[in-house]
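My notes are set out below the view.

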Amino acid sequence: MSSPEIASLSWGQMKVKGCSTIYKDCKVWPGGSRTWDWRETGTNHSPGVQPADLEEVVKKGVKTVVIGRGMSEALQVPSSTVDYLKKNGIDVLVLQTEKAVEQYNALAAQGVKVGGVFHSTC
């Protein structure tokens, strides 16, 4: 199962190829995507992305996770979150969201089992 291409990104809106939902923040993995609802884990810009935000994506068997920190990189990614991924043998890229989407799409196009979490505003 391949990772779906992120078809478009603009402030506050993301579209994943093959999915009719317009996301504000989203999670993607080989074979699927869904809204990334920060309320599920109590995530906020600071301290930022928690391991709990990534558990679902990790369970999909990804080899790489791309984290989009927002258009202005307001979303923090603590070292504990990066450590969690590395301890699970997963490569991690933490980037401004436009760059993150580019990297994610490039990896997906190469057939890498890549997942991601993307914040599409600040």
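The entries that follow take the helix and then the residue.

I noted that this is a predicted model, in which local features need pLDDT of at least 70, side-chain atom pairs count only at pLDDT 80 or more, and totals for chains, interfaces and linings use all residues. Residues are numbered from 1 along each chain as its sequence is written, and side-chain values use heavy atoms, with hydrogens and water left out.

I looked up helix H3, residues 97-109, which has 13 residues and reaches 18 Å from first C-alpha to last, close to the 18 Å expected at 1.5 Å a residue (that is, 1.5 Å times one less than the number of residues). Helices (H or I, at least four residues) and strands (E, at least two) are DSSP runs, numbered from the N terminus.

I found Thr97, Ala100, Val101, Tyr104, Asn105, Leu107 and Ala108 of H3 buried. They cover an arc of only 165° around the axis, so they lie on the same side of H3; the arc is that of the directions from the helix axis to the C-beta atoms. Buried means under 20% relative accessible area, exposed over 50%, and partly exposed in between, with a 1.4 Å probe and protein chains only.

On the face turned away from the buried side of H3, I noted the exposed residues Lys99, Glu102 and Ala109.

I then turned to glycine 115, which is found in strand E8, residues 114-119, and which counts as buried because its relative accessibility is 0%. Its contacts (heavy atoms within 4.5 Å) include Tyr104, Val28 and Trp29, leaving aside residues up to four places away in sequence.
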